[in-house]
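This briefing goes through one structure topic by topic. Please look at the sequence and the model before reading the points.

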Amino acid sequence: MMPELGKYEIEVLSSYAVSIVIIVALVAISILRSRKARALLDDVEKRSGRNG
Amino acid sequence: MIALLTRDLRLAVRAGGGFGLGLAFFLIVVVLVPFGVGPQSALLAKIASGILWLGSLLACLLSLDRIFALDWEDGSLDLLATAPVPLEAAVSIKALAHWLTTGLPLVVAAPVFGMLLNLPGPGYGPVVLSLLLGTPALSVIGTFGAALTVGIKRGGLLLSLLVLPLYVPTLIFGAEVARRGADQMDYSTPMLLLAGISCGAIALLPFASAAVLRVNLR
Amino acid sequence: MIALLTRDLRLAVRAGGGFGLGLAFFLIVVVLVPFGVGPQSALLAKIASGILWLGSLLACLLSLDRIFALDWEDGSLDLLATAPVPLEAAVSIKALAHWLTTGLPLVVAAPVFGMLLNLPGPGYGPVVLSLLLGTPALSVIGTFGAALTVGIKRGGLLLSLLVLPLYVPTLIFGAEVARRGADQMDYSTPMLLLAGISCGAIALLPFASAAVLRVNLR
Amino acid sequence: MASIWEYANPKKFIATTDKLLPWVSALAVVALVSGLIWGFFFTPEDYKQGSTVKIIYLHVPAALMAINAWMMMLVASLVWIVRRHHVSALAARAAAPIGATMTVIALVTGAIWGQPMWGTWWEWDPRLTSFLILFLFYLGYMALWAAIENDDTAADLTSILCLVGSVFALLSRYAVNFWNQGLHQGASLSLDKEEHVNDVYYYPLLVCIAGFILLFVALVFLRTQTEIRARRTRALLARERLGQ
Amino acid sequence: MELTVTDLAVARGGVPVLEGVSFTVMAGEALVLRGPNGCGKTTLLRTVAGLQPALAGQIGLEREAMAYAGHSDGIKAVLSVRENLQFWADVFATGSIEPALEAFDLNGLKDRPAGSLSAGQKRRLGLARMVVTGRPVWVLDEPTVSLDVSAVEMFAGAVRTHLRGGGLALMATHIDLGLDEARVLDVRPFKAKAPALDDFDGAFL
Amino acid sequence: MELTVTDLAVARGGVPVLEGVSFTVMAGEALVLRGPNGCGKTTLLRTVAGLQPALAGQIGLEREAMAYAGHSDGIKAVLSVRENLQFWADVFATGSIEPALEAFDLNGLKDRPAGSLSAGQKRRLGLARMVVTGRPVWVLDEPTVSLDVSAVEMFAGAVRTHLRGGGLALMATHIDLGLDEARVLDVRPFKAKAPALDDFDGAFL
Ligand code: HEM
Ligand SMILES: Nc1ncnc2c1ncn2[C@@H]1O[C@H](COP(=O)(O)OP(=O)(O)OP(=O)(O)O)[C@@H](O)[C@H]1O
Ligand SMILES: Nc1ncnc2c1ncn2[C@@H]1O[C@H](COP(=O)(O)OP(=O)(O)OP(=O)(O)O)[C@@H](O)[C@H]1O
Ligand SMILES: [Mg+2]
Ligand SMILES: [Mg+2]
């Protein structure tokens, strides 16, 4: 399954690993922030809907 | 206009000696470099022109936050903005005052500091020339950065972060002129480019700075 | 005490991102050096360790004026001086906060920047080690300088002028450790001296800083 | 009748992107996964570069997106300056961290690639150097956004910075070229068949690039929504305080 | 010359603070704004003076007619009192600073660096600056803070001179200004109402 | 507890400003200093609070008993009202900030960044800080600047509470503090006389 990477195995694998980790982190942070912002807004909207 | 210039110069001289301090910082950078990289004079001669440019760039940078911050804090900037002077002119005058108190002394002092760094003989002319052409651009670009960060308390580091990348083209051409001069090569092309950048920056950036200042004063 | 530390860290993080900006300045210095001295990697490798030290020294320096100036302007320092906390302790805490927001990130980032400057392989360890030993001294000495200039508006350049000569011994031994390390020579002597300077500064300078601060607050 | 500017209304923007987002993200995942798998598992080694050629599937798309993200920010900034649509300012703000991340990926993969190819992690090659400068511009732009409290002021200042910065970034590109001649590969994506890389690498590369573009679009949608919501939350909280 | 403000709405930190503010100040007249802390007087004055944009409504005069003095006085500590005033006189091209020094009794202090003045003396210098601008509309935010009784009288005298010369003045204060003839406007009725919630547009409110 | 000041002489910028100042403030008492602008009230208060040395004379209490509030309030714009107060409460190890928030009606503002407060609201925060210091002697320089009528009442209430708790207060002001029971001291009689010219000693005067 795993392709033969020859003497550059470390380089290729590490660049894939680093890039994928960075991209996944970016996506995860974006999603988390989005969730938080959504929840906070819902909260505030509900509250100010009650009061005002 | 003249009133603004004289006031700025007067303030620079009275409040902690405008002229002297930029120079002193320049001197210190030049003195510290040999401690950092070691005292071999051949090595120093090679990097001398570059260090002179870097030193003057950093000295310029450190004095940038004076341009607007004090006037902002005490409310003078609000008043200047409503005064019967176009803000573009006021910004240019401020840049000029900065150059007179910081850039010009650096140009004058560069040969002396060059000596400390074993700058090769033919290098002196080009170094001074390139600084003379380049430091006005540094002042004008710096004024833009100072206008951007004027509302931010102790924005000093942010200011550096914003301004230094903008300094890159000036630095590259300026240092190239100085280096080629020291190597006795032809330096007319980078010098023309340097002059072009300076003229462009002086002609256009004050408008951007004034616009930014208006936003900040809202 | 802890309250002071957390407040200072909080202020550093909120007001213009304390951690990031010192690092960014370091990065910028490292990036600009090749533009100044030219891109030859052999030359860069030779001066790399020195430039790393100079860069962290300058990054430290630029953030010094934050230590007391803001507290002075808004009157907090008057209040701190009469608070039931010994001023020596308050000063040490301020230095610690400065190191945590400026020195420590620099130590951590140094290897990455070393790469940009083609620092030779064996140099990494010694550079990081010397910065780890040296930056606390830079913070403590800087706090002393900041205490000296606390009453002066925009004392930034004056502060640099006062502090840089005090940084010379630290710089000499620190850069020596880094350079010998990069050349694979024995660096235990300068390292011991560097550690000695750091310990001495940390143990004694807070008393001087507190004394100076008391004078300035009169 | 429906002008494109209707989407400049925050509510409308959120409603529309809510509908589009699942599709765009799904497409992005499909393109990315298939392109990377194709590239990683099913392409041969290059006779010169060996297996390192596989890094191209990350490196080139990331580098392209790093530049394009800045372009998009430039356009959005212009839209904000000229038409003052809040969504475009917020979209520029949302794109900056993505662009910065792409720059980091390009730099890191390039550095890893450089080690076997040029024998060094870093070389002051013009292309590499101008990327480093681009990264600095991203940092400055984001720091300025973060440092200013008033959202409209921040939008104005950052968009002017983006304009001025673009001019200087371009200048730096030329300056850097003048300063040092490079080691880096020339453009290999050109339509000219003679120029670009072997087809074996070319097609999976195209798929990867499409994947990165879709990922970028999806992230910009998501993050712009976040910025809009955060801004509305701030406005509501402020109004609430006013009530007291 | 008259200053007509119609249906003005002002905001601070993105939040509407006052709305529907309308008033007219004729030449020779002074209007004093009153209202509890935080009701928006400073915001209103800054908007009228052209230092920040209005949310809605019109201000009858352009900002070149206004001179504004707020809490910070624009005083340079290292320049002398005379140099401070002379600078503004030059910028506004109004010539002599003698009348201003006279009006606020600064002749005895004129060669002192401004940084060594007491709080009230600094304030007097800040107010003297209004005189040298030569602008017809004075916009003053809490002008008599830190002033003693005799200095408040000087201030009232200076405002009266300004009004007699065809100028007009708009001021905010919590304390007595010594200007009994001035009209008073309470800004409380103009407090901005929270806007309807679902009106979610470009302004995010 | 009582604060006795005997024969105090104070200087600013090297120039003697007041001399021969003597007074006593008992626990539960408030003393208000009055005098025209520039007569030396601020200088006297800073000296009593231990922020600058006296030229001559004694101050009965050491400075660890004093809490001083001047024109600048020591407020950090980026911290919230609560964080600002909490910090001082921690430094002075006095625990809860609730009473202070209560006394100056800051509960509604407590999560706002202090930088976004209006002038009067900032002042209230600055005064609330006095409460959390827990110090027996309050030294206040023009405390009610920018405060509206109701806030002045809050201030008077807070001072009365402090006095009832055995504290004492020393204040300078030009306007009414709402504290009718406070004793008033006019500092004009203590104005320093120019010393004989040939008396040129270590102080160069
Ligand atoms: C470390 C920093 C590096 C950066 C910032 C960088 C940047 C870039 C950029 C911006 C592109 C796209 C250019 C375009 O399409 O016009 C690119 C493409 C490419 N890079 Fe790099 N690169 C780096 C290192 C390397 C190294 C070390 C190698 C291999 C020896 C390499 C090989 C390539 C190849 C083969 C392409 C595709 C050719 C092309 O489309 O231009 N890069 N790189
Ligand atoms: N960034 C902000 N976000 C929300 N509200 C703010 C912000 N900045 C100021 N405010 C509020 O706006 C209101 C108006 O403030 P303004 O300074 O105009 O009041 P003022 O009438 O001048 O009060 P004072 O008499 O105390 O000077 C205040 O309630 C203030 O708290
Ligand atoms: N460096 C200096 N040299 C000479 N005189 C000075 C210097 N600094 C201050 N003074 C003077 O000392 C005097 C005392 O000032 P102080 O601030 O104590 O007055 P104050 O009573 O608080 O006045 P205010 O009511 O205006 O606040 C003032 O007349 C001031 O001008
Ligand atoms: Mg106000
Ligand atoms: Mg006073």
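**Parallel sheet of chain F**

In chain F, strand β3 (residues 30-34) and strand β7 (residues 168-172) run parallel and are joined by four bridges. The model is predicted.

- Leu33(F) has Ala172(F) of β7(F) standing opposite.
- The open sheet has five strands, in the order β5-β6-β7-β3-β8 (chain F), and the pairing is parallel.
- Which strands of chain F stand at the edges, each with a single partner strand? They are β5 (66-69) and β8 (183-186), so one side of each has no neighbour in the sheet.
- On average, neighbouring strands of this sheet are turned by 15 degrees against each other, direction ignored.
- Helix α5 (residues 149-164) of chain F packs on the sheet and touches β3, β6 (137-141) and β7 of chain F. The direction of helix α5 makes about 145 degrees with that of β7(F).

**Antiparallel sheet of chain F**

- Strands of a sheet pair through backbone hydrogen bonds, and the pairing is either parallel or antiparallel.
- Here three strands form an open sheet with antiparallel pairing, in the order β2-β1-β4 (chain F).
- The edges of this sheet are β2 (15-26) and β4 (56-59) of chain F. Each has a single partner strand, so one side of each is left without a neighbour in the sheet.
- Strand β1 (residues 2-12) of chain F runs antiparallel to β4(F), and three bridges join them.
- Val5(F) has Ile59(F) as its bridge partner in β4(F).
- Helix α1 (residues 41-48) of chain F packs on this sheet, where β1, β2 and β4 of chain F are touched. Its direction makes about 125 degrees with that of β1(F).

**How the chains meet**

- There are 10 pairs of chains that touch, and among these the most contacts are between chains B and C.
- Chain B can be laid on chain C with an RMSD of 0.1 Å. This takes a turn of 179 degrees and a shift of 0.0 Å along the axis.
- The two copies are therefore related as by a two-fold rotation axis.
- Both copies use the same surface, as 97% of the contact residues of chain B recur in chain C.
- Chain A and chain B have no contact, and their closest C-alpha atoms lie 24 Å apart.
- Chain A does not touch chain F either, and the nearest C-alpha atoms of these two chains are 15 Å apart.

**Aromatic rings**

- How many aromatic pairs does a search of the whole structure find? Over all chains there are 17.
- One of them is the edge-to-face pair of Trp122(D) and Trp124(D), at 5.6 Å centre to centre with 85 degrees between the planes.
- Trp122(D) and Trp124(D) are both buried.
- In another pair, the ring centres of Trp88(F) and Phe92(F) are 6.3 Å apart. Their planes stand at 40 degrees, so this pair is tilted.
- Trp88(F) counts as buried because its relative accessibility is 2%, under the cut-off of 20%.
- Phe92(F) is also buried, with a relative accessible area of 7%.
- Ring pairs link Phe35(C), Trp122(D), Trp124(D) and Trp179(D) into a cluster.
- Arg7(C) has its charged end over the ring of Phe87(F), 4.1 Å from the ring centre.
- Arg84(D) has its charged end over the ring of Trp80(D), 4.4 Å from the ring centre.

**Two loop residues of chain E**

- Most residues other than glycine have a negative phi.
- Ala93(E) has a positive phi, near 50 degrees. Ala93(E) is found in the loop between α2 (81-91) and α3 (98-103) of chain E.
- Ser146(E) has a positive phi as well, near 75 degrees. This residue is placed in the loop between β6 (137-141) and α5 (149-164) of chain E.
- Is Ser146(E) buried or exposed? Ser146(E) counts as buried, at 9% relative accessibility.
- Ala93(E) is exposed, because its relative accessible area is 66% and the cut-off for exposed is over 50%.

How values were computed. Residues numbered from 1 in each chain as written. Chains lettered and ligands numbered in written order. Predicted model: local features only at pLDDT ≥ 70, side-chain atom pairs only at ≥ 80, totals over all residues. Heavy atoms only, no water. Phe/Tyr/Trp six-rings, centres within 6.5 Å; stacked < 30°, edge-to-face > 60°. Buried < 20%, exposed > 50% of the residue type's maximum accessible area, 1.4 Å probe, protein only. Lys NZ or Arg CZ within 6 Å of the ring centre and 35° of its normal. Pairing = 2+ DSSP bridges. Axes fitted to C-alpha atoms, helices over the stretch in contact; angles between N-to-C directions. Contact = heavy atoms within 4.5 Å. Least-squares fit on C-alpha atoms with pLDDT ≥ 70 in both.
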